Amino acid sequence: MVGFNVVNLIALLGILLATSLQRIMGQNCDCSPDLCCTRSGMCGLGEKFCGFACLEGPCYAFLPVSDTVTVEFFDGIKNGAEGNTCPGLDFYWRGSFLDALKSYTLFGQEGTTDDSKREIAAFFAHVTYETGNFCKIEEIDGQSKDYCIEENEKYPCAPGKQYYGRGPLQLSWNFNYGYAGESIGFDGLNAPETVANDPIISFKTALWFWMNNAHSLINSGQGFGGTTRAIALACNGEEARINYYKSYCEQFGVSPGDKLTC
C-alpha cells in the first residue's frame, strides 16, 4: 500500500479547494433564468455576461473553429484555384491554419454561434480573393512595387528588402511587417520572405492583421463592408469578396447580415 505522503496531501487539498470554489461560484448565480450569470455572480446579457465568463443561463454556445473550417471547406477553396501550377496549393494547409489559430483564441469565438460563423466566413472570403483560392503566396508583380514608407522611424525599411504582399491576406508595407514580426516573433523587417516560406507564420500574419483591424467590425454594425474597407485599398474586388462571403455564409447556414458593401 502506498503511503500517504506530503504530495498526496497537497493534491487532496487542491481538489477540496477547487470543489469549494465551484460551490461558491454556483451559489453566486441568483439571476433570473433569462439572464446570464458570470463566474463572479453578475447578471446580464451580451458578450460581457454570456461570453467566456458565463456560468449559467443562456450562455453563448461556442463551437471550435475547426468544426466550421472543416477539411471539406478548406479543400473546397483550394479546388477553385485555376490551373495546376499554383505554388500556394502545396503551401496552404488546414493544419497550418489551425496551428496558427492557437495564438489567436478569440478568432471566431465572440458573440453568438452565428456571429462566429460570419466572422470565419468573412475572413476566408478575403483570403480566397487575396490568394486566388490559395493559389498565390506572393503578390503578382509585387517586386516591381514600392511598399516602403521611409518616414516610419519605428519600423524602417531594411536595405535590399521588399515588403510587397505575402501570405493569406497579402501582408504589405514595412510597418505591417515590423509590427507583425514583433507581435508574432519573427524578424519581419529583415526577413519579410519568412511570410512566404513558413506556412504557420504566414497564417499568423493574416490572423494578426485580422484581429487588429477587422475582428471587431464584422458583428459590430459595420458588417462585411467594414472588413473590406480595413483590408482592401479602395475596396478593390468588392463584388467578388461579397460573393465569396455570401457563399461561405450559406455553407455555414447563417445569414450574411446587413451592410455588405463598402
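**Reading the chain**

A: The chain has eleven helices and three strands. Helices (H or I, at least four residues) and strands (E, at least two) are DSSP runs, numbered from the N terminus. This is a predicted model, in which local features need pLDDT of at least 70 and side-chain atom pairs count only at pLDDT 80 or more, while totals for chains, interfaces and linings use all residues. Residues are numbered from 1 along each chain as its sequence is written, and side-chain values use heavy atoms, with hydrogens and water left out.

Q: What pattern does the chain follow along the sequence?

A: The pattern is α-β-β-α-β-α-α-α-α-α-α-α-α-α.

Q: How much of the chain counts as buried?

A: Buried means under 20% relative accessible area, exposed over 50%, and partly exposed in between (1.4 Å probe, protein chains only). Of the 262 residues of the chain, 43% count as buried.

Q: How do I read contacts in the chain?

A: Contact means heavy atoms within 4.5 Å. Among contacts between residues at least 6 apart in sequence, 60% join residues at least 24 apart.

Q: Where does UniProt place the feature "active site"?

A: The unreviewed UniProt entry puts this feature at Glu 130. UniProt positions are given in the numbering used here, feature names are shortened, and annotations may be inferred rather than shown by experiment. Glu 130 lies in helix 6 (residues 113-131). Glu 130 counts as buried because its relative accessibility is 13%. Not counting residues up to four places away in sequence, Glu 130 touches Lys 136, Pro 168, Leu 169, Gln 170, Ile 231 and Arg 241.

Q: Which residues lie nearest the centre of the largest pocket?

A: Rolling a probe the size of a water molecule over the atoms shows where empty space is left. On a 1 Å grid over the protein atoms alone, a cavity is a set of points where a 1.4 Å probe fits but cannot get out, and a pocket is an open set with protein on both sides within 12 Å along at least five of seven lines; lining residues have an atom within 4 Å of a point. Of the 24 residues that line the largest pocket, Glu 130, Gln 170, Ser 172, Ile 231 and Leu 233 lie nearest its centre. Helix 6, helix 7 (174-184), helix 9 (199-213) and helix 10 (223-231) are the elements that give two or more residues to this lining.

Q: What is the volume of the largest pocket?

A: The volume is about 650 Å³. Grid points are joined across faces, edges and corners, and a volume is the space filled by probe spheres set on the points.

Q: How many cavities of 30 Å³ or more does a search of the whole structure find?

A: The search finds one, and the largest cavity has a volume of about 40 Å³. Helix 6 gives the most to its lining, with four residues.

Q: Is His 215 buried or exposed?

A: His 215 counts as buried because its relative accessibility is 13%. His 215 is in the loop between helix 9 and helix 10.

Q: Where is Asn 236 found?

A: Asn 236 is in the loop between helix 10 and helix 11 (238-252). With a relative accessible area of 44%, Asn 236 is partly exposed. Asn 236 and Tyr 129 are 107 residues apart in sequence and 10.0 Å apart in space, C-alpha to C-alpha.
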